[in-house]
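Here are a few notes from my pass through this one. Have a look at the model first, then the points below.

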Amino acid sequence: MHAEEHSSSPPARRHISNVAVPLGIVAFCVWAFWLSTQFDRVPPILKRGMQPSDFPQLVIGLIILLAVWLMFRDKSEAPARLSKMAQVTMGLLVGFLLIAEVDLFLGLALFSASLATLWGERRVWAIVLVGLISPIAVFFLFDGIFEVRFPRGLLTNLWYG
Amino acid sequence: MDAALNGLMALADPHLMVLIVAATLGGVLVGALPGLNATTGVALLLPFTITMDPVPAIAILTTIYCAATFAGAITAILINTPGTSASATTCLDGYPLAQRGEAGRALGVAAVSSTIGGIISVVCLMAAAPLMARAAYNFAPPEYFALTVFGLSMLATIGDGSPVKNILSGAFGVLLATVGIDLLTSIERFTFGMNELSEGIPFVPVMIGVFGISELLVQADNLHVERKPVIMKKIKLPSREDYKRVWKTILRSSGIGTFIGILPAEGATVASMIGYNEAKRWSKKPEEFGNGSLEGIAGSEAANNSATGGAMVPTLALGIPGSPTAAVILAGLMVHGLRPGPTMFTEQADFAFAIFWSMMFVNILFFFIGLWGAKIFARVTLIPIQILWPIVFIFSIVGAYALEQSMMDVWIAIGAGIVGFFMRRHGFSVVPMAIGLILGGMLETRLGQSMVMLDEKWWLMATRPLSLLFFVLTILALFGPMVWGRLFKQRSPLKSTGE
């Protein structure tokens, strides 16, 4: 509780995120608390010290308490605006998840090649290295040595038959 | 004694020796690459060890831990970029020396300090861990509960972030640990009807997400930051005079680092900062600090490497992680079906000592790598991040998938990565969350057992001397720094560079 004082340089300016983030945490906790009220309960004779909802509710209560404290006392600087590159990379991650549902190998290959290109790689051999050679090497490493089978999909079916 | 000898014999296996040498090289590589650190390296490698026997698997993880912690110094000295946050203080004096063409002296002192610090801490580990385990052998659930609460309270001081945010992050991790079937009542909680979640949120994909994927997003956010080129000059090793000048600092910092490492949750970063500050305080030439002081390098490096052995003491003896990386190793122990805690030294003593000896071996090994291989390893920093990070991503995803061969784990890793990224942006460290997730189950189980034992009168826990001691320590850990800071106006602490 001492670092707030250190982190707040003299003309400490409260930013909207100093309130919005704790508010978001409290909203999440309210939802989680409501979910915890829906848990089954055990009859008193079978109860072993606590009901299943007791501990999560205790932790949720602590989180709410700390979030409210932050709401009024946190004067840390707001983070810099999220860069376009980070936003697009996050979009690529979502795209990867969708493609991976069709084929994990395909998702890895496309994501890696796209990420390298997005981050400024223009050399063809480098894009082939990360988008093709690396996924193939990792696939055979796991399939052959660690005996981990990739989920069946569009491309992996060609290998698994 | 038998266990120590058996452990040493286990290490005599040539196959294991080759694995340790390879893991040392891999660890140095991980530590030298800015953005990757010991915690991320261990988390990424964990799935690869699943098919191995426990001794080589855990030996590899601890090897990566020790070697990566040391290797952070290489890039800190040569390119002013700490490979790991534990080496941030090494930059202060290492880089000025490198700029003056004395990189060899700096690297030599770093290698010697790291090796001596590491060896001292492993000797302490061998002596202290069985003693601590014996002391904890008779702990009842209330003592364990109080100890776990103390361990979690130490999360407040992790990194340079706000203690309140750290505790909040830890509590969030504990909340995540409640997902799945309640062990005491067999009732499902927060599973949303998904069978994959009935056993809880798996540790490994979360670790891979919060340490690996979130770092990928951080790298994307910092893509515009220019990287300084490597200074490659002739490496000239330190003289005998140099070593004479720093030996006291090495011993002092080794003691500090080992002690800091033993404290739950406190890791190499805190140790290196305190080691550096103490080296400066005791130095006859404090004005040299920040301008290329060999004592500064020795103070920082001996402390951060000795913290690795210290951190393994509570991890193995009590099941409470001594550092963020030790938390991932703890998850590795659990995945391999091992039970860290007092029984480890009665039921699996040979295993524990095999790990200790492997750590000793690594510390000696990276002395040679540090002295003669630094120039080569410094070149890995030239790998463009647009090639490095897609490959790290492939390993992260396949690693997350491999454990249970479930796509749900891939979703969890990506989700944890995105959540972790936003947490870091807003000043919440992800380390407490990871440790909270690991300790959460134990915390709840011990509380439940204590409630049964004490007939639901929880306040009776405070009447048991050891529980009371841990609760008092918890209060001191949470409020001590604030009270101390108000009573005695402290200098501003050194800032660390990240996790």
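1. A bit of bookkeeping before the helix in point 2: the expected span of a helix is 1.5 Å times one less than its number of residues. Also keep in mind that this is a predicted model.

2. With that in hand, take α17 of chain B, residues 385-402. Its 18 residues reach 25 Å from first C-alpha to last, close to the 26 Å expected at 1.5 Å a residue.

3. Now chain A. Its secondary structure comes to 7 helices and 0 strands, and along the sequence the pattern reads α-α-α-α-α-α-α. The radius of gyration of chain A is 24 Å, well over the 15 Å that the globule rule gives for 161 residues, so the chain is more spread out than a compact globule.

4. Buried residues make up 30% of the 161 residues. Among contacts in chain A with a separation of 6 or more, 59% join residues 24 or more positions apart.

5. What about the interface? There, 60 residues of chain A are in contact with 58 residues of chain B. On the chain A side, α1 (3-7), α2 (16-37), α3 (54-73), α4 (84-102), α5 (104-118) and α6 (124-145) each supply at least two residues. α3(A) gives the most, with 10 residues. By class, this side of chain A has 42 nonpolar, 11 polar and 7 charged residues.

Methods. Residues numbered from 1 in each chain as written. Chains lettered and ligands numbered in written order. Predicted model: local features only at pLDDT ≥ 70, side-chain atom pairs only at ≥ 80, totals over all residues. Contact = placed C-beta atoms within 7 Å. Helix = DSSP H or I, 4+ residues; strand = E, 2+ residues; numbered from the N terminus. Nonpolar A, V, L, I, M, F, W, Y, C, P; charged D, E, K, R; others polar. Rg over C-alpha atoms; globule rule 2.2 N^0.38 Å. Buried ≥ 20, exposed ≤ 12 C-beta atoms within 10 Å, placed from the backbone.
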